[in-house]
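Dear colleague,

My notes on it follow directly after.

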Amino acid sequence: MTHGLIDMLLSGHHSLVVGGTTVRTFDGRGVSDLYRLYTEEPMTLRGAVVADKVVGKGAAALMAVMGVAEVYAHVISQPAYDLLCSSGAVVTYGTLVPNIINRTGTGLCPLETRCLPCLTAEECIPQIAGFIRQMRGMQDNANNTL
């Protein structure tokens, strides 16, 4: 893992840094940037090196399906770690946790919960797509009430 990517992740306050032919930084919440790459630029991560702040099973599935070669996760869940390792990715991390917790600290991350029963990265993709649609719908509804 290029320590420069990790430094950019942590000191630049980015949520995701991708190293390949060029270095790209992202600042979105959750899996939004990874999902956008999956739907719009699926080859971007093939063989790439990725540094990510928080990697749950959903993020790991997207990385695995897109063929990421190496991942540094500041925080990673055990299911995410297992999924990435089974895909052949080299994984290093700052902290390994049993599961990713939701933003309010009251339970599991909703996407982690949706992906837990999935046995493969490919099985997670419909769960992720449904979660993204649900989140966009909630955001659209909130904007319509303003």
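A hairpin of three residues connects strand 1 to strand 2 in this predicted model. The two strands run antiparallel and are joined by four bridges, with V18 standing opposite R24 of strand 2. On its other pairing, strand 1 meets strand 3, again in the antiparallel sense and over four bridges; here V17 is the residue that stands opposite A51 of strand 3.

The side chains of strand 1 deserve a remark. In a regular strand, side chains alternate between the two faces of the sheet. Accordingly, L16 and V18 point one way from strand 1, while V17 and G19 point the other way, and all of them are buried.

These pairings belong to an open sheet of five strands, arranged in the order 2-1-3-4-5 with mixed pairing. Strand 2 (23–26) and strand 5 (90–97) are the edge strands; each has a single partner strand, so one side of each lacks a neighbour in the sheet. From one strand to the next, the twist averages 10°. In contrast to the antiparallel pairs described above, strand 4 (residues 70–77) and strand 5 run parallel and are joined by seven bridges. Within that pair, Y72 stands opposite T92 of strand 5.

Two helices may be described by their position relative to the sheet. Helix 1 (residues 3–11) lies across strand 1 (16–19), strand 2, strand 3 (49–55) and strand 4, and runs at about 35° to strand 3. Helix 4 (residues 78–86) also packs on the sheet, where it touches strand 3, strand 4 and strand 5. The direction of helix 4 makes about 160° with that of strand 4.

The protein as a whole contains six helices and five strands. Read from the N terminus, the elements follow the order α-β-β-α-β-α-β-α-β-α-α.

Leaving aside residues up to four places away in sequence, V55 touches A60, M63, A73, V75, I76, S77, A80, L84 and I100.

The C-alpha trace spans about 45 × 30 × 30 Å along its principal axes. Buried residues make up 42% of the 146 residues. Of the contacts with a separation of 6 or more, 37% are between residues 24 or more positions apart. The accessible surface comes to about 7,600 Å², and carbon and sulfur atoms account for 56% of that surface.

Yours sincerely

Key:
Residues are numbered from 1 along each chain as its sequence is written. This is a predicted model: local features need pLDDT of at least 70, side-chain atom pairs count only at pLDDT 80 or more; totals for chains, interfaces and linings use all residues. Side-chain values use heavy atoms; hydrogens and water are left out. Two strands pair if DSSP finds at least two bridges between them. Axes are lines fitted to C-alpha atoms, for helices over the stretch in contact, and angles run from 0 to 180 degrees between N-to-C directions. Contact means heavy atoms within 4.5 Å. Buried means under 20% relative accessible area, exposed over 50%, partly exposed in between (1.4 Å probe, protein chains only). Accessible areas come from the Shrake-Rupley method with a 1.4 Å probe; for residues, only the protein chains shown count as cover.
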